[in-house]
Amino acid sequence: MLHFYYICTLDLGLFMKKSSFITAIMAAMMMIAPSKMSGQEDNGFKKFSVEEAFENNGFQWFRDAQLLCAGNKEKSNAMTIGWGGIGTFWQRPALTVYVAEQRYTKMFMDDSEFFTVMSFDVKDSKVLNYMGTKSGRDGDKAQALGLHTAYTANGTPYFTEATMVIECKIMYAAPLDPQHFKSDVPKKVYGNPASVHSMYIGEVVNAWKK
């Protein structure tokens, strides 16, 4: 009887050890799973450093047109931009983007902590054309184009069809002040003061490309 008790106790101990081991593995997998699901690698992107591996001409990149997106998992909007700055600000790698007051995306920029700037292949120029000529007030532009929205670990929206995604955390935001225009260049651009853009300076916190 004692022998039987010893065997049962030993088997139970082994079972508990195995159970604890399995539980630990499952817990570890649960911790890893969310980060993997939100990882851009799952959508064909690889992370890179903009300071070391940004291959585009900074003076031309925005002129080629990029896509700006802001919002959250409940609602977001994107728009095509052709103005912007790239470089270093406050000892941080930074992008500066500009959004006019009347643009639907502005409310998302004002309510968000982060934004993304995306590049697309030339063959996808219809995306940039559509995003630059249609308003999100009239419908879901991403859905109309068949784009798939994904989110960074910070919850910032981007499209999986992009070729490059740069995620920025907003450091500064303010409307341009016509009182401080120092040349005729901005004066000619803003014949109507109501159309003046707001400036958003974002620290680059993540970047991915295919």
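This is a predicted model: local features need pLDDT of at least 70, side-chain atom pairs count only at pLDDT 80 or more; totals for chains, interfaces and linings use all residues.
Figure 1. Buried is used here for a residue with under 20% relative accessible area.

**Figure 2. The partners of strand β2.** Strand β2 pairs with β3 in the antiparallel sense, and six bridges are found between the two strands. Together β2 and β3 form a hairpin, with four residues between them.

Figure 3. If residues up to four places away in sequence are not counted, C69 touches N77, A78, F115, T116, M118 and P157. The view also includes V117, which is 48 residues away from C69 in sequence, although the C-alpha atoms of the two residues are 6.5 Å apart in space.

**Figure 4. M118 and its contacts.** M118 lies in strand β6, which covers residues 114–119, and with a relative accessibility of 0% M118 is counted as buried. When residues up to four places away in sequence are left out, M118 touches Q66, L67, C69, Y158, F159, A162, M164 and V165. For a comparison of sequence and space, M118 and T80 are 38 residues apart along the chain, while their C-alpha atoms are 9.4 Å apart.

Figure 5. T156 is placed in the loop between β7 and β8, the latter being residues 157–159. Although T156 belongs to a loop, T156 is buried, with a relative accessible area of 1%. The side chains of T156 and E167 are joined by a polar contact of 2.6 Å. Leaving aside neighbours within four places in sequence, the residues in contact with T156 are F114, F115, T116, A150, Y151 and E167.

**Figure 6. Two loop residues with positive phi.** Most residues other than glycine have a negative phi. In this view, A65 has a phi near 80°, a positive value in a residue other than glycine. A65 is found in the loop between α2 (50–53) and β2 (66–71), and A65 counts as partly exposed because its relative accessibility is 21%, a value that lies between the limits of 20% for buried and 50% for exposed. Q91 also has a positive phi, near 60°, and is likewise a residue other than glycine. Q91 is placed in the loop between β4 (84–89) and β5 (92–100), and Q91 is exposed, with a relative accessible area of 70%.

**Figure 7. The largest pocket.** Rolling a probe the size of a water molecule over the atoms shows where empty space is left. In the largest pocket, this space amounts to about 290 Å³. The pocket is lined by 19 residues, of which S76, N77, D140, K141 and A142 are the closest to its centre. At least two residues of the lining come from each of β3 (76–81), α5 (141–145) and β7 (149–151). Sorted by class, the lining consists of seven nonpolar, seven polar and five charged residues.

**Figure 8. The second largest pocket.** The second largest pocket has a volume of about 240 Å³. Its lining is made up of 15 residues, and those closest to its centre are N56, W61, S119, T163 and M164. Seven residues of this lining are nonpolar, four are polar and four are charged.

Note on methods
Residues are numbered from 1 along each chain as its sequence is written. Side-chain values use heavy atoms; hydrogens and water are left out. Buried means under 20% relative accessible area, exposed over 50%, partly exposed in between (1.4 Å probe, protein chains only). Contact means heavy atoms within 4.5 Å. On a 1 Å grid over the protein atoms alone, a cavity is a set of points where a 1.4 Å probe fits but cannot get out, and a pocket is an open set with protein on both sides within 12 Å along at least five of seven lines; lining residues have an atom within 4 Å of a point. Grid points are joined across faces, edges and corners, and a volume is the space filled by probe spheres set on the points. Ala, Val, Leu, Ile, Met, Phe, Trp, Tyr, Cys and Pro count as nonpolar, Asp, Glu, Lys and Arg as charged, and the others, Gly among them, as polar. A polar contact is a pair of N or O atoms within 3.5 Å; within protein, one must be able to donate a hydrogen and the other to accept it, and residues adjacent in sequence count only if both atoms are side-chain atoms. Two strands pair if DSSP finds at least two bridges between them.
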